[in-house]
Amino acid sequence: MVIFSENQQAIANRIDADTAIDRWKDWRWQVRHAITDISTFERLLDITFPGEERELLEETIRKFPLRITPYYLSLIDAKDYWNDPIFLQCFPQPAELQVEDCDMEDPLAEDSDSPVPTITHRYPDRVLFLVSNVCAMYCRHCTRKRRVGDVDSIPGEAEILAGIAYIRENPAIRDVLLSGGDPFMLSDEYLDWILTELADIPHVEVIRIGTRTPVVLPYRITETFTAMLKKHHPLWVNTHFNHPAEITASSREALRRLADAGIPLGNQTVLLAGVNDCPRIMKTLMHKLVQNRVRPYYLYQCDLSEGLAHFRTPVSKGIEIIENLIGHTSGFAVPTYVIDAPGGGGKIPVMPNYLISWSTNKVVLRNYEGVITTYKEPDSYEAVYCDRQCDTCRLQLKLADADESKAVGIARLLSSDESISLVPENNERLERRNETEN
């Protein structure tokens with residue numbers, strides 16, 4: 001017997017008293033009946049916004065559209081909606097219209113690092129492949145707000161093939177992350193085709209998919225769908241739970257189906273003011289995730305996208321949360337706190353400082369309790385000389401496929417490469433030196 005919550009029954013009856021509750025778990029029905037205007041939102045939750053406030057809300061969705069599935073809507077506490085974490089993530093706020101000086105349309109420079117449409121190639125061995133611009137819900141904290149509701153940017157088959165061709169022509173790419181939009185909003189057949197094409201590329205070792213459907217549209221994860229995904233191992237799925245209230249019986253069932261299909265599951269949480277900027281909330285979320293076979297992966301500092309200023313917290317809040325997780329819960333329940341560097345610099349891990357001091361052959365450390373201790377380094381250590389000629393290496397680790405890639409960044413300075421420094425572009429001191437030498 002299928003049991004529905006009071007909110008689900010009330011919302012279903014207001015949509016269609018005759019058939020809605022029977023179709024509630026049909027994901028296509030959920031998509032067709034997504035809430036896209038303020039009036040429908042008010043009617044289904046039986047609330048009314050004052051006139052002036054309503055005008056600001058209408059102005060907000062003209063710039064940043066509204067879209068909520070009936071399922072996710074049913075999780076809102078209508079009696080205290082302004083403080084509800086579900087409401088805050090899905091419903092527009094006039095604060096989105098306030099653009100700060102630091103806000104950017106494309107803060108991660110994804111478009112600038114796009115060699116062909118649909119592909120962002122930032123890291124040497126992996127690419128972001130934007131295969132869909134369709135989402136079940138428009139999250140108010142989306143870093144790609146610039147694309148939300150832009151139907152003209154939905155990639156067609158020709159663009160998808162161009163992206164696949166780029167991956168095929170670049171043998172350094174071993175990891176492909178499908179994103180969008182939401183790849184799980186594609187039809188089973190279309191996603192199956194994309195995965196099949198990628199699996200046919202010899203140097204692609206792993207495929208990852210980023211999706212929020214287990215959170216906002218769990219009924220999309222059908223048995224037929226997971227059977228299709230199961231054909232494409234090694235396949236990894238990262239989802240996006242931000243609050244414990246999002247982990248429901250329906251989302252747990254979606255996660256169970258994915259995990260039972262042998263798909264490793266990760267979760268990326270965004271730190272959001274007023275939603276989850278609390279150590280206790282975060283610990284509860286992480287515990288619920290691991291209970292459902294989902295490994296916490298990243299905790300993101302909220303990006304500098306336009307319209308997100310009201311969601312951003314100080315970095316110190318993220319440090320406080322991690323401080324309350326490391327040592328206080330299982331290590332595999334602790335995500336990596338990162339800032340996705342503005343301008344396309346990639347994810348930068350940010351952690352509490354556990355290394356207090358360092359001298360010759362000894363380091364001073366502290367643990368989560370505040371206990372200060374030391375670790376004795378070896379008095380004599382002979383490093384194995386590495387000339388980075390992997391193809392002729394005769395050390396214990398004899399790789400079948402020699403990696404002759406050139407070191408980048410700090411790793412380059414640590415290697416036997418002759419480089420001795422990394423110099424920022426437009427360095428005035430070196431420009432003066434060059435002028436003198438010339």
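Does Tyr 81 count as buried or exposed, and at what relative accessibility?

A: Tyr 81 counts as buried in this predicted model; its relative accessibility is 14%, and the limit for a buried residue is under 20%.

With Trp 82, Tyr 81 forms an aromatic pair in which the centres are 5.6 Å apart and the planes are at 40°, a tilted arrangement. Trp 82 itself is partly exposed, with a relative accessible area of 33%. Trp 82 also pairs with Phe 49: the ring centres lie 6.4 Å apart and the planes meet at 65°, so this pair is edge-to-face. Phe 49 is buried, at 3% relative accessibility.

These contacts form part of a wider group. Ring pairs join Tyr 81, Trp 82 and Phe 49 with Phe 41, Phe 87 and Phe 91 in a cluster. In total, the structure holds 16 aromatic pairs. Aromatic rings also take part in another kind of arrangement, with a charged side chain over the face. Arg 126 lies over the face of Tyr 123, at 4.1 Å from the ring centre. Likewise, the charged end of Arg 220 is placed over the ring of Trp 27, at 4.2 Å from the centre of that ring.

Tyr 123 leads on to an annotated position. Among the residues in contact with Lys 347, leaving aside neighbours within four places in sequence, is Tyr 123; the others are Tyr 298, Tyr 300, Val 338, Ile 339 and Asp 340. According to an unreviewed UniProt entry, Lys 347 carries the annotation "modified residue: N6-(pyridoxal phosphate)lysine". Lys 347 is located in strand β9 (residues 346–349) and is partly exposed, at 28% relative accessibility.

Strand β7 (residues 294–301) pairs with β6 in the parallel sense over seven bridges. On the β7 side, Arg 295 stands opposite Gly 266. Strand β5 (residues 235–239) also runs parallel to β6, joined by three bridges, and Asn 238 has Gly 266 as its bridge partner in β6. Strand β6 (residues 265–271) is largely enclosed by the rest of the structure, because seven of its seven residues are buried. Both faces of β6 are covered. One side presents Leu 265, Asn 267, Thr 269 and Leu 271, and the other presents Gly 266, Gln 268 and Val 270, all of them buried. In a regular strand, side chains alternate between the two faces of the sheet.

Ser 179 lies in strand β3 (residues 175–179) and is buried, with a relative accessible area of 12%. Setting aside neighbours within four places in sequence, the contacts of Ser 179 are Leu 128, Phe 129, Leu 130, Val 131, Ser 132 and Arg 144. By contrast, Ser 316, in helix α14 (residues 315–323), is exposed, with a relative accessible area of 51%. Ser 316 and Thr 284 are 32 residues apart in sequence, and their C-alpha atoms are 20 Å apart in space.

Four bridges join β10 to strand β11 (residues 362–366) in the antiparallel sense, and Ser 359 has Lys 362 as its bridge partner in β11.

Notes:
Residues are numbered from 1 along each chain as its sequence is written. This is a predicted model: local features need pLDDT of at least 70, side-chain atom pairs count only at pLDDT 80 or more; totals for chains, interfaces and linings use all residues. Side-chain values use heavy atoms; hydrogens and water are left out. Two strands pair if DSSP finds at least two bridges between them. Helices (H or I, at least four residues) and strands (E, at least two) are DSSP runs, numbered from the N terminus. Rings of Phe, Tyr and Trp (its six-membered ring) pair if their centres lie within 6.5 Å; planes under 30 degrees apart count as stacked, over 60 as edge-to-face and the rest as tilted. Buried means under 20% relative accessible area, exposed over 50%, partly exposed in between (1.4 Å probe, protein chains only). A charge sits over a ring if NZ of Lys or CZ of Arg is within 6 Å of the ring centre and within 35 degrees of the ring normal. UniProt positions are given in the numbering used here, feature names are shortened, and annotations may be inferred rather than shown by experiment. Contact means heavy atoms within 4.5 Å.
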